Amino acid sequence: MLKNFRYIVGLVVACIALWLPSGNMNASELTAEPGMVADGTVDFVFFGTPLHAPILQPVKVKSASEHDVFRAWSDYQRLDMSEALSSLRAISDDMGLNDWLVLALVRSYADALLSSGTPVERVLLEQCLLVNMGYDVRLARTNKQLLLLVPFEQEVYERCFVKIGGKDYYLMFDDLESDPGEKSVLYPCEPSKKGTAGGKTLSLLFSEESALNIPTDDEYDCDFDDGMIHVACKVNPRVMQMLRDYPLMDLECYASSVVLPQFRDAIEGQLMPQLEGMSQCDAADALLHFVQFVFGYEDDMKQYGREKVNFVEENFYYDKNDCEDRSVLYAYLVHALLGLDVQFIQFPGHDCTAVRFTDCLTRGNGYYYGKDYYLICDPSYIGAPIGQCMPEFRSVLPVVKTLVPVLASETEESPLVPRLDKRFNLYSLSIDHAQQGDNTEDN
């Protein structure tokens with residue numbers, strides 16, 4: 001189950017980004033790195049895709065001290081970054097990268113440019129590039145390390161963060177050489193607000209505009225059949241590599257993201273004819289059976305070694321998933337194919353979905369959300385039709401979240417406190433007795 005907590009850093013003095021205009025470029029502090037080729041470009045690999053971009057001469061940084069970082073940042077402002085920035089933007093546009101993957105792209109470029117540099121030098125270069133690409137990415141430091149402070153529109157779990165002006169900034173350490181012994185203490189930097197106004201908060205979602213277009217000659221063939229529904233599709237393994245270590249978000253963010261439009265078009269194109277002529281309830285039942293039976297069940301820790309939620313496409317690539325992944329997939333299928341409202345239901349240690357039907361009688365375990373009745377549909381309760389909740393959860397108060405992505409709160413409230421709609425009044429799951437069928441199981 002998605003862990004309902006985030007780690008907040010103790011004893012934190014946050015650092016606003018160093019937007020400092022003074023200082024002259026010292027040619028002796030510029031360095032060239034191995035891997036730079038004769039035509040003035042540097043080769044690097046981005047999730048298995050070979051790329052190249054113009055060389056930006058990196059600045060040497062003596063240490064993570066405030067004085068040395070200040071001086072190096074000032075020197076960077078004297079450099080002409082236009083060619084490197086234009087190239088990185090063009091790569092991002094061609095590949096359809098979202099903000100998180102733009103951050104990853106910049107880190108890959110900086111790692112190649114400074115392959116023999118220090119973590120401080122890599123992080124400072126990353127921050128300078130991202131700032132010049134329009135992002136509100138800031139800096140903090142420990143005794144030995146420099147860190148990126150990155151704000152996201154969505155709430156992120158299992159990552160340390162600090163609040164600056166009511167906004168959450170998540171701590172990003174250097175990927176090649178982190179400093180885990182000092183993650184709990186940050187030291188102040190000399191703040192300057194120059195250039196920070198209007199910087200973009202990064203979004204973790206995918207849309208039609210940021211749908212990934214990653215070349216590959218090695219597509220993965222998928223074929224799933226539960227005896228009633230059959231789906232065959234191809235998945236790009238390079239995209240799956242990009243998503244494997246994705247930040248942990250709320251389930252609705254995964255279900256609503258459009259990662260691979262062609263993949264989704266293919267899935268929907270195959271499923272729609274197979275559901276044609278069915279009522280909403282029958283179609284939802286058929287989709288529920290499909291999700292329950294075509295995938296193996298596997299715990300995240302055994303499969304990935306950490307907590308992870310799959311995007312829709314990942315379920316078809318890995319073949320195995322858990323209750324969160326199945327809820328994401330089922331919510332997407334019901335919403336996209338049947339046009340129905342879906343909500344995510346979070347019990348202690350278990351996730352499922354609930355659906356509001358409009359053209360058929362709803363029978364079974366469910367609840368009212370305002371005036372609308374939602375029927376439990378559990379993709380992990382093997383063999384259970386729509387309207388059946390696992391017996392152990394029928395008297396448990398769940399947390400309910402809508403399919404529409406919810407932006408991260410800027411309040412000081414604890415993330416442990418459920419943020420429910422004010423109209424919502426749910427004491428326990430119940431039977432809608434007015435529409436209950438003869439074969440429906442009581443609470």
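I started with K401 and D250, whose side chains meet in a salt bridge at 2.8 Å, N to O. My rule for a salt bridge: a side-chain nitrogen of Lys or Arg within 4 Å of a carboxyl oxygen of Asp or Glu. K401 sits in strand β15 (residues 399–402) and D250 in the loop between α5 (237–244) and α6 (251–256), so I noted a link between distant parts of the chain, 151 residues apart. Helices here are DSSP runs of H or I with at least four residues, strands are runs of E with at least two, and both are numbered from the N terminus.

Note on the source: this is a predicted model, where local features need pLDDT of at least 70, side-chain atom pairs count only at pLDDT 80 or more, and totals for chains, interfaces and linings use all residues. Residues are numbered from 1 along each chain as its sequence is written, and side-chain values use heavy atoms, with hydrogens and water left out.

Buried or exposed, I wondered about D250? D250 is buried, at 4% relative accessible area, and K401 is buried too, at 19%. Buried means under 20%, exposed over 50%, partly exposed in between (1.4 Å probe, protein chains only).

Next I looked up R107, which pairs with E126 in a salt bridge, closest N and O atoms 3.3 Å apart. This one also joins distant parts of the chain: R107 is in helix α3 (residues 99–113), E126 in helix α4 (residues 119–132), 19 residues apart. Both R107 and E126 are buried.

Then D168 and K163: their salt bridge has its closest N and O atoms 2.7 Å apart. D168 is buried at 8%, whereas K163 is partly exposed at 26%.

Last, I wrote down the total: 13 salt bridges by this rule.
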